[in-house]
Amino acid sequence: MIKQKENIAIILFGNMRTFESCALSLLNSLDRNLYNIDVYIHTWSKKERTTESFYDVNTTNNDNVDVDKIKELYSPRLLVVDEPLQLVAEPCPHTGYDIAGMKSMHYSMSKAINLALSEKDYSAYLLTRPDILFKSHLPMASALEYFSLHDKNLPILFRACYFVPTYQSDIDYFRKAGATDCVMLMNRPAADVLSSMNDIPKNIYYEKVRKWAEGQLDLFLAHKIVLVKTMNFTAPLNWSLLRESGEEVKRSVAILQEFKAITCRLKNIFRLVRSNDKL
């Protein structure tokens with residue numbers, strides 16, 4: 001008997017940025033021989049963000065999005081393009097960054113998820129952004145098996161992450177991860193939870209967190225009792241952020257710096273081993 005294809009929803013949110021360079025990699029990250037794929041998109045009329053961010057935005061322009069090009073590349077089942085939200089600047093008391101940017105991101109995230117939820121039920125929901133360059137196949141089969149082995153009402157969310165260089169004095173030096181809000185794979189209950197991201201309690205936005213944006217997402221998921229797992233899909237090996245500001249280059253430099261730091265730590269270990277042999 002031929003196994004029936006699983007239905008998978010790809011959900012894109014946020015500014016389109018470098019979507020022309022990334023769209024094909026996203027669509028090729030899932031085997032269409034195994035899965036029926038529908039694409040849902042919520043985005044803004046401007047390609048780049050209009051709110052403040054914690055990273056430098058050195059974009060050459062901020063033109064209107066090319067809706068026809070979006071439809072050509074993604075063939076979305078549903079596409080919504082909104083004007084940027086007009087939010088009052090609201091600095092976070094701990095970081096100084098404008099909370100309006102996060103609110104815009106969470107609004108787009110929830111709006112995109114609700115597009116998919118309004119259509120039909122899917123075996124899995126891939127929530128990601130148009131500026132993500134996929135380099136490998138997603139571990140979809142493993143995720144689907146994991147979903148099937150657990151209570152169907154349990155919200156389960158797998159997140160990919162970037163390995164982020166940290167100070168050697170940090171207690172969780174080998175466990176740092178960033179960009180955990182860029183690639184998320186979830187079941188229906190988790191999608192239902194994230195569909196309300198536009199209604200995050202104000203106190204979560206004001207919590208003191210170490211990682212801007214990802215920290216608030218962590219608090220929200222914990223508040224909603226979502227089972228969060230780390231996906232074996234790590235950047236920059238399996239995926240990367242591709243911004244006009246040269247994010248890919250900056251990350252490559254950071255990886256080299258981290259490799260140098262790890263090499264120094266290994267040298268220290270070898271010195272300890274040698275000194276122990278002399279005792």
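## Backbone, helix packing and a pocket

Pro236 sits in the loop that joins strand E8 (227-235) to strand E9 (239-241), and in this predicted model the peptide bond leading from Ala235 to Pro236 is cis, with omega near 5 degrees. Another loop, the one between strand E1 (6-13) and H1, contains Arg17, a residue that is not a glycine and yet has a positive phi of about 40 degrees.

| Site | Angle | Value |
|---|---|---|
| Ala235 to Pro236 | omega | near 5 degrees |
| Arg17 | phi | about 40 degrees |

Helix H1 (residues 19-27) is packed with helix H2 (residues 67-74) in such a way that their axes come within 10 Å and cross at roughly 20 degrees. Angles under 35 degrees count as roughly parallel, and H1 and H2 are therefore roughly parallel to each other. The crossing in which H1 passes H2 is right-handed. On the H1 side the contact is made by Phe19, Glu20, Ala23, Leu26 and Leu27, while H2 contributes Lys69, Ile70, Leu73 and Tyr74; sorted by class, the contact of H1 with H2 has seven nonpolar and two charged residues, with no polar ones.

How many residues line the second largest pocket, and which of them lie nearest its centre? The lining of this pocket, whose volume is about 370 Å³, has 18 residues, and those nearest the centre are Lys3, Glu6, Ser123, Leu144 and Glu145. Helix H4 (residues 140-148) gives the most to this lining, with five residues. In terms of class, the lining of the second largest pocket divides into seven charged, six nonpolar and five polar residues.

How values were computed: Residues are numbered from 1 along each chain as its sequence is written. This is a predicted model: local features need pLDDT of at least 70, side-chain atom pairs count only at pLDDT 80 or more; totals for chains, interfaces and linings use all residues. Side-chain values use heavy atoms; hydrogens and water are left out. Axes are lines fitted to C-alpha atoms, for helices over the stretch in contact, and angles run from 0 to 180 degrees between N-to-C directions. Helices (H or I, at least four residues) and strands (E, at least two) are DSSP runs, numbered from the N terminus. Angles under 35 degrees count as roughly parallel, over 145 as roughly antiparallel, 65 to 115 as roughly perpendicular and the rest as oblique. A crossing is left-handed if the near helix is turned anticlockwise from the far one by less than a right angle, and right-handed if clockwise. Contact means heavy atoms within 4.5 Å. Ala, Val, Leu, Ile, Met, Phe, Trp, Tyr, Cys and Pro count as nonpolar, Asp, Glu, Lys and Arg as charged, and the others, Gly among them, as polar. On a 1 Å grid over the protein atoms alone, a cavity is a set of points where a 1.4 Å probe fits but cannot get out, and a pocket is an open set with protein on both sides within 12 Å along at least five of seven lines; lining residues have an atom within 4 Å of a point. Grid points are joined across faces, edges and corners, and a volume is the space filled by probe spheres set on the points.
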